[in-house]
Amino acid sequence: MTGTRLFTGYKAVTLDDLPEEAWTIVTGGGKDTRASTLYGLVGWLHRCVDIRASSLATMPWTIKRGETVLLTSDDGITPDFQWMETLPDLLYRTEAAVTLTGRAYWFRE
């Protein structure tokens with residue numbers, strides 16, 4: 001086996017030893033690097049947020065008054081709890097907002 005080099009003589013190269021042109025900043029195509037902006041541009045980020053939010057939105061839940069169970073996710077929605085029809089969607093959007101921006105708000109009507 002002549003002419004094959006298996007060892008270059010270097011034990012290790014530190015990151016500081018690399019030249020400046022070895023580094024490229026990748027941000028998604030623009031100067032706006034907020035997670036909420038990149039969410040629409042980066043496929044794996046969108047999928048990760050979707051997995052988290054979907055998992056939270058499908059968790060079972062129970063509404064209680066003291067020890068009395070008023071409603072569970074397995075029950076049908078009663079007229080007293082009509083606002084609960086959109087709870088899974090609200091939980092999805094809340095988790096997505098918290099994941100991307102660190103905050104979420106609900107408006108109580």
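Biologist: How many salt bridges does a search of the whole structure find?

Modeller: The general idea is that side chains of opposite charge can pair when their charged atoms come close. This is a predicted model, and a search of the whole structure finds 3 salt bridges.

Biologist: Which residue forms a salt bridge with D50?

Modeller: R47 does, with the closest N and O atoms 2.9 Å apart. Both R47 and D50 belong to helix α2, residues 43-57, where they are 3 residues apart, about one turn of the helix. R47 has a relative accessible area of 48% and is therefore partly exposed.

Biologist: Which side chain meets E95 in a salt bridge?

Modeller: The side chain of R52 does, at 2.7 Å from N to O.

Biologist: Is E95 buried or exposed?

Modeller: Buried means under 20% relative accessible area. E95 has a relative accessible area of 14%, so E95 is buried. R52, by contrast, counts as partly exposed because its relative accessibility is 48%.

Biologist: What separates D89 and R93 along helix α3?

Modeller: About one helical turn separates D89 and R93, because they are 4 residues apart in helix α3. Their side chains meet in a salt bridge of 3.0 Å, N to O. D89 counts as partly exposed at 41% relative accessibility, and R93 counts as partly exposed at 49%.

Biologist: Why does V13 count as exposed?

Modeller: The term exposed applies over 50% relative accessible area. V13 counts as exposed because its relative accessibility is 51%.

Biologist: What is the volume of the largest pocket?

Modeller: In general, rolling a probe the size of a water molecule over the atoms shows where empty space is left. Here the largest pocket has a volume of about 280 Å³.

Biologist: Which residues line the largest pocket?

Modeller: The lining consists of W83, T86, L87, L90, R93, W106, F107, R108 and E109. By class, this lining has 5 nonpolar, 1 polar and 3 charged residues.

Terms used: Residues are numbered from 1 along each chain as its sequence is written. This is a predicted model: local features need pLDDT of at least 70, side-chain atom pairs count only at pLDDT 80 or more; totals for chains, interfaces and linings use all residues. Side-chain values use heavy atoms; hydrogens and water are left out. Buried means under 20% relative accessible area, exposed over 50%, partly exposed in between (1.4 Å probe, protein chains only). A salt bridge is a side-chain nitrogen of Lys or Arg within 4 Å of a carboxyl oxygen of Asp or Glu. Helices (H or I, at least four residues) and strands (E, at least two) are DSSP runs, numbered from the N terminus. On a 1 Å grid over the protein atoms alone, a cavity is a set of points where a 1.4 Å probe fits but cannot get out, and a pocket is an open set with protein on both sides within 12 Å along at least five of seven lines; lining residues have an atom within 4 Å of a point. Grid points are joined across faces, edges and corners, and a volume is the space filled by probe spheres set on the points. Ala, Val, Leu, Ile, Met, Phe, Trp, Tyr, Cys and Pro count as nonpolar, Asp, Glu, Lys and Arg as charged, and the others, Gly among them, as polar.
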